[in-house]
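The sequence and coordinates come first.

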Amino acid sequence: MNLNALWEYANPVKFSRTVSLVLPWVSVLALVSLVVGLVWGFFFTPDDYRQGSTVKIIFLHVPSAMMAISAWFMMLVTSLIWLIRRHHVSALAAKAAAPIGIVMTLIALATGAIWGQPMWGTWWAWDPRLTSFLILFLFYLGYVALWEAIENPDTAADLTAVLCIVGSVFAFLSRYAVNFWNQGLHQGASLSLDKEENVADVFSTPLYVCIAGFVLLFVALVFLRTRTEIHKRRTKALLARERLG
Amino acid sequence: MIPDLGKYADTVLSSYAVSILLLVLLVAVSIRAARKARIELEQVEGRRNG
Amino acid sequence: MTLTVKDLTISRGGIPVLEGLNFSLEPGHALILRGPNGVGKTTLLRTVAGLQPPVMGEVHAAPESFAYAAHSDGLKATLSVSENLHFWADVFGTKGIQHALDGFDLNALADRPAGALSAGQKRRLGLARLLVTGRPVWILDEPTVSLDVASVELFANAVRAHLAEGGAALIATHIDLGLDAEVLDVGPFRAKPKSGTGGFDGLDESFL
Amino acid sequence: MISLLLRDLRLAMRAGGGFGLGLSFFLIVTVLVPFGVGPGSALLAKIAPGILWLGALLACLLSLDRIFALDWEDGSLDLLATSPLPMEGVVTVKALAHWLTTGLPLCIASPVFALLLSLPPEGYQWLILSLVLGTPALSVIGTFGAALTVGLKRGGLLLSLLVLPLYVPTLIFGAEVARRGAEGLATTTPILMLAGISAGTIALLPFASALVLRVNLR
């Protein structure tokens, strides 16, 4: 496949049309895998011998945490594409992804706190990984606030793109700073290839289904929200043109 | 219907409730915004072409 | 050739406002821009000065040849008139501010803080800044705002002297400065909505 | 560029320039802390490094929106952008001027404030060292935030929201140096990290700030 053909989707019309074609399928797939994964996880998994039934929270906590980071990473990539190739769809996709990232971060934080209450005996501990997500949450807030504050859409796209890149570096630094600041109580990454013993097989399959569901949901929402942003931009441009006469 | 969650029932149920609520809210807000943006655009386009 | 503008399209807030602009400015000449309010004169001047990028087309000029002056004069209220001028002279790497003080009749005010000047006096100081830049092409946006008749004459003389020395000036103004200058009405260059791109299908990267 | 620095310093010294404002703010924070947590010197000594760093950070934050706001309002920024000075240079000078009028006085005055909070004597040198190493990063990062929000109405609050998360690593390592120093622990690692962050931000961030400022002037 010719890689250059990919850039065609940077055209707002082509993008919108493709979204209209693909969105129903992605949405259905997302819904099905989310329902299957969560029902499987909630009803048909055994309790863990250490954590009891709280182990069922990983089906929400792990995928949302992964998506919280992936969403930011996607924003970083689309911001770079915007700065380098000036494709508006790219900038708008970054704008569209940020609120999804916020919700994912919130879910990760909330489930983490709720899980921590019986496990650690406290709602909130300044554990490095929870703290990192809190900082990520602040970055998301700043990013969205900057988009909202600026009137001119291209200026907003430029400034938020730079903020996203600079923010990524500092988020990365914060991660290490926080690790250094408090060597914590979180168990190692719940899902990683080299630590398979952490998550037993009975949990891993529904977990994979849930992760797929979250990814598909993210993709569907980004498609939908980006198309919304394209429509808004078009409306704004037409209104501005009307005012010019 | 609900499986035996033992002493952690509140914890697990509230996690699922909070998460699903947030996800549904996000989807609802996105869909509403999409509909609103589409209607506004159609109005402006209509005025322009009409 | 001091300044050449080719097929320039400029935009404000992402919407093209002027298109197909072509003009050039030779040393010793001035070009007056006219056109109704909001047509894009300020945007054009800012684009030529390099403060914002053009949508299409090119601006050719020797590097670092512009001195830009717009509605705000960039004066610091707590610095005196001569301190303000000395600062800009230092920034532009030129020596001496006496000719600037003379040119705009500011000698008597030299030690007064800029904050204590009247609006017209501030404007004169802002324009005197042009003389200390040592740049050949002046880009002026409504330079005569709040100037009285005598001060307008001072300004016109300063422009004439600048042109006589081989400088050039691009001025957006509504009053007649009595300069021997070409006039460009930018009204006819107003950007037109592209025909044939009726609906959503036709939208391009600027969403029009 | 030196003339720009001198001008900014002169403006800061003159009436209404806000010089010393950060210092006074720092003083007030330091004085208020014992009222909040009680006068016991053991507790104060324990939290002193963190409080002093937080105070320095907030004092820095307080004056950030002035970095470009005045030059934006009176049009100087447009004129500087068309001047021979490179934008990166302008941004660096602005950050330096901010540090000289805010960070440096904080570093110099910090022993007095440390005294008020009963910091153990062996902590003084580490506190000063950490501030000297860390406050330049605070000024440079803050200049980036100020460049992002220049020209925005009600930009001050947004500026804080944008800058505070960026301050996290500097604060952690800076306060860690001061804390470990006061407790007589090894300080090499946080010092190296703090110095690295400062050096990195000073070297790289002005390019981002200049880019952002040019976008904002469009």
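How far does helix H3 (residues 88–120) of chain A reach from its first C-alpha to its last? The span is 46 Å for 33 residues, close to the 48 Å expected at 1.5 Å a residue, where the expected span is 1.5 Å times one less than the number of residues. The model is predicted: local features need pLDDT of at least 70, side-chain atom pairs count only at pLDDT 80 or more, and totals for chains, interfaces and linings use all residues. Residues are numbered from 1 along each chain as its sequence is written, while chains are lettered from A and ligands numbered from 1 in the order in which they are written.

**Chain A and its helix H3**

Chain A has 6 helices and 0 strands; helices are DSSP runs of H or I with at least four residues, strands are runs of E with at least two, and both are numbered from the N terminus. H3(A) bends by about 25 degrees at A:Ala98, with the proline A:Pro99 following within four residues. The bend is the angle between axes fitted to the seven residues ending at a position and the seven starting there. Just after H3(A), A:Gly121 takes a positive phi of about 80 degrees.

Of the 33 residues of H3(A), 26 are buried, so the helix is largely enclosed by the rest of the structure. A residue is buried if 20 or more other C-beta atoms lie within 10 Å of its own, exposed if 12 or fewer, and partly exposed in between, with C-beta atoms placed from the backbone. The largest nonpolar core has 208 residues, and A:Ala71, A:Ala97, C:Ile139 and D:Leu52 touch the most other members. H3(A) gives the largest share of this core, 17 residues. Such a core is a set of buried Ala, Val, Leu, Ile, Met, Phe, Trp, Tyr and Cys residues joined through C-beta atoms within 7 Å. Leaving aside neighbours within four places in sequence, A:Ala97 is in contact with A:Ala71, A:Met74, A:Met75 and A:Val222, contact being C-beta atoms, placed from the backbone, within 7 Å.

**Chains A and C in figures**

**Chain C and its helix H2**

Chain C has 5 helices and 8 strands. Its C-alpha atoms fill a box of roughly 65 × 35 × 30 Å along the principal axes. In helix H2 (residues 81–91) of chain C, 8 of the 11 residues are buried, so this helix is largely enclosed by the rest of the structure. Among them are C:Leu85, C:Phe87 and C:Trp88. The buried residues of H2(C) pack against helix H3 (98–103) and helix H4 (119–133) of chain C, together with helix H1 (2–13) of chain D. Just after H2(C), C:Gly93 takes a positive phi of about 70 degrees.

**Two serines with positive phi**

C:Ser146 has a phi near 65 degrees and is found in the loop between strand E6 (137–141) and helix H5 (149–164) of chain C. With 13 C-beta neighbours inside 10 Å, C:Ser146 counts as partly exposed. D:Ser118 has a positive phi of about 55 degrees although it is not a glycine, and is found in the loop between helix H6 (87–116) and helix H7 (124–149) of chain D. D:Ser118 is partly exposed, with 16 other C-beta atoms within 10 Å.

Methods. Contact = placed C-beta atoms within 7 Å.
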